[in-house]
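The sequence and the model come next, followed by a short account of selected parts.

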Amino acid sequence: MKRIVALLGVVALALPLAGCGLHPLYESGTHGAVAEKLSGIEVVAISGQSGWLMRNAINDRLGATGHSDSPRYKLVVDLSDQISGLGINQQGTVTRERRTLRARFRLVTNDAAGTTLLDASAGSDAGVDAVSSDYATVAAEQTALENLVDDVADQIVARVAVFARHNEDR
């Protein structure tokens, strides 16, 4: 009897959501419209170490569906990677740093016109302890960069996927 009541409760909660218009972003898996559009994107080379990491991270996320031989779109990403001192002790030494990674990205058509379809930005911050060991501080800064790249790449691909979902006719 308790199972029936619990089942009826779940059904009662799910009924209002049935007509809300929500649909999975990647419905139909790798054969869906969004996945096919994402597979047709070429990520333009990005300068610097953070750019190399970012391009690889985005390609990994887009590559889940496989890449097209003739991409229909280009993703152009401009990065800003900054480290600033945040905490300073009584001796004037920085004890805490803030690493900020910002990306401006544009999805453009891969034709002679190069029409911009999406122009947006993404970003993330991380705190880093600056300790007495230079090696440990540099290692912490590198780890922060790698984590920030993952966060920003997720944001970029999510925005592009949402755009693809809402503009399936382009």
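How exposed is Thr143, going by its relative accessible area? The structure is a predicted model, and in it Thr143 has a relative accessible area of 41%. Thr143 is therefore partly exposed.

## Overall layout

The chain has four helices and four strands. Their order along the sequence is α-α-β-α-β-β-β-α.

Of the 170 residues in the chain, 32% are buried. Among contacts with a separation of 6 or more, 65% are between residues 24 or more positions apart.

Thr143 belongs to helix α4. Between the C-alpha atoms of Thr143 and Ala126 the separation is 9.9 Å, and the two residues are 17 residues apart along the chain.

## Helix α3 against helix α4

Helix α3 covers residues 48–62, and helix α4 covers residues 134–166. The two helices pack at an angle of about 45 degrees, and their axes are 9 Å apart. Because of that angle, α3 is oblique to α4. The crossing of α3 past α4 is right-handed.

On the α3 side, the residues that meet α4 are Gln49, Ser50, Leu53, Met54, Ala57, Ile58, Arg61 and Leu62. On the α4 side, the residues are Gln142, Leu145, Glu146, Val149, Asp150, Val152, Ala153, Asp154, Ile156 and Val157. Sorted by class, this contact has 11 nonpolar, three polar and four charged residues.

## Helix α3 on its own

Helix α3 has 15 residues. From the first C-alpha to the last, α3 reaches 21 Å, close to the 21 Å expected at 1.5 Å a residue.

Which residues of α3 are buried? They are Ser50, Gly51, Leu53, Met54, Ala57, Ile58, Asn59 and Leu62. Leu53 and Met54, included in that set, also meet α4.

Asp78 is located in strand β2, which runs over residues 73–88. With 40% relative accessibility, Asp78 counts as partly exposed. Leaving out residues up to four places away in sequence, Asp78 touches Arg102, Ala103, Arg104 and Arg106. The C-alpha atoms of Asp78 and Phe105 are separated by 6.3 Å, although these residues are 27 residues apart along the chain.

Ala103, one of the residues touched by Asp78, lies in strand β3. Is Ala103 buried or exposed? Its relative accessible area is 3%, so Ala103 is buried. The C-alpha atoms of Ala103 and Asp81, 22 residues apart along the chain, have a separation of 8.8 Å.

## Thr100

Thr100 is placed in strand β3, which spans residues 94–109. The relative accessible area of Thr100 is 13%, so this residue is buried. Apart from neighbours within four places in sequence, Thr100 is in contact with Ser80, Asp81, Gln82, Ser124 and Asp125.

Technical notes
Residues numbered from 1 in each chain as written. Predicted model: local features only at pLDDT ≥ 70, side-chain atom pairs only at ≥ 80, totals over all residues. Heavy atoms only, no water. Axes fitted to C-alpha atoms, helices over the stretch in contact; angles between N-to-C directions. Parallel < 35°, antiparallel > 145°, perpendicular 65-115°, else oblique. Left-handed = near helix turned anticlockwise from the far one by under 90°. Contact = heavy atoms within 4.5 Å. Nonpolar A, V, L, I, M, F, W, Y, C, P; charged D, E, K, R; others polar. Expected span 1.5 Å × (residues − 1). Buried < 20%, exposed > 50% of the residue type's maximum accessible area, 1.4 Å probe, protein only.
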